[in-house]
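Welcome, and thanks for joining this short tour. Please open the structure in your viewer and keep the selection tool at hand.

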Amino acid sequence: MTDGAHREPAHVRWTLVALTIGFLLLFVVLPLVAVFAEALRRGFDAYFASFEDADTQSAIWLTLLIAAIAVPLNLVFGISAAWAVAKFEFPGKSLLVSLIDLPFSVSPVVSGLVFVLLFGAKGLFGPLLGDWDFKIIFAVPGMVLATIFVTFPFIARELIPLMQEQGTSEEEAALTLGASGWRIFLTVTLPNVRWALLYGVLLCNARAMGEFGAVSVVSGHIRGLTNTMPLHVEILYNEYNFVAAFAVASLLAGLALVTLVGKSVLEWRHGDELSATRRL
């Protein structure tokens, strides 16, 4: 059969394109425009004044702090898990892959509740932590744990299929030439997965900064102490401080757009290498 036999009629193609563009405009572009429009409704002076509030600044720095802790830890876990799954055979390998996917199937609110049941004052380890005067729930450590849980699959799931497709031939060749395990990782394995790794880090960071459900359960909503930007947006909105709420929301949206632009620039500058990686 010729290629023309598989081509859809022009009106079908254009209908599908129109539906796709309409869906994106309605559910992606329009909400973004609404956020920025509402944030700037009273002008730039009111917009920038919203960020002078001490609680807002605390929420911004706390969000960045949690992401700065969670993303590197997930980076180490993701590389280690992907390397173990793709390069070695061991008992429980399929169980490990299933556990990596667990946060995708569990509600973030449920995961936050699990940490409360484990580390809360009446939880399994709560009394022991109380004796040590160490607080996890309603404090930054609990928020970091909740963020790590909901974000740890992103890097691993980007790397595992690529590493499995690449196999172990290059590592084995380097090993026969006398390279150590660490040198093999730095000079062979890591360069081969750098673009998938970067993409996973971008996804992980975006989710870490925007996480609401799990962090909301373990944070306690203490203004100036345990409120991240998403939680602070909710508080401002419930207080009918709409300009400030949308201003903080626009900052979150702006961070997401910066991440998208950075990804696009990297794809543009390294398009051939990235395309080759994705074909695997």
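How many aromatic pairs does a search of the whole structure find? The search finds 15 of them. Keep in mind along the way that this is a predicted model.

**Stop one: an aromatic pair.** Select Phe115 and Phe149. Their ring centres are 6.1 Å apart and their planes stand at 85 degrees, so this pair counts as edge-to-face. Phe115 belongs to helix α6 (residues 108-119) and Phe149 to helix α8, so the pair ties together parts that lie 34 residues apart in sequence. Both Phe115 and Phe149 are buried. Now widen the selection to Phe77, Phe119, Phe125 and Phe152: together with Phe115 and Phe149, they form one aromatic cluster.

**Stop two: Thr151.** Stay with helix α8, which covers residues 140-151 and includes Thr151. Is Thr151 buried or exposed? It is buried, because its relative accessible area is 0%, and buried means under 20%. Show its side chain and you can trace a reach of 2.6 Å to the backbone oxygen of Thr147. Leaving aside residues up to four places away in sequence, Thr151 touches Asn74, Cys204, Arg207 and Ala208.

**Stop three: the surface.** Move to helix α1 (residues 10-39) and pick out Val28. With 39% relative accessibility, Val28 counts as partly exposed. Val28 is one of the residues in a nonpolar surface patch, whose members also include Trp14, Ile21, Phe27 and Val33. Together, the residues of the patch have about 1200 Å² of accessible area.

Terms used: Residues are numbered from 1 along each chain as its sequence is written. This is a predicted model: local features need pLDDT of at least 70, side-chain atom pairs count only at pLDDT 80 or more; totals for chains, interfaces and linings use all residues. Side-chain values use heavy atoms; hydrogens and water are left out. Patches are made of residues with over 30% relative accessible area and no salt bridge: like charges are joined within 9 Å, nonpolar side chains (Val, Leu, Ile, Met, Phe, Trp, Tyr) within 5 Å. Accessible areas come from the Shrake-Rupley method with a 1.4 Å probe; for residues, only the protein chains shown count as cover. A salt bridge is a side-chain nitrogen of Lys or Arg within 4 Å of a carboxyl oxygen of Asp or Glu. Helices (H or I, at least four residues) and strands (E, at least two) are DSSP runs, numbered from the N terminus. Buried means under 20% relative accessible area, exposed over 50%, partly exposed in between (1.4 Å probe, protein chains only). A polar contact is a pair of N or O atoms within 3.5 Å; within protein, one must be able to donate a hydrogen and the other to accept it, and residues adjacent in sequence count only if both atoms are side-chain atoms. Contact means heavy atoms within 4.5 Å. Rings of Phe, Tyr and Trp (its six-membered ring) pair if their centres lie within 6.5 Å; planes under 30 degrees apart count as stacked, over 60 as edge-to-face and the rest as tilted.
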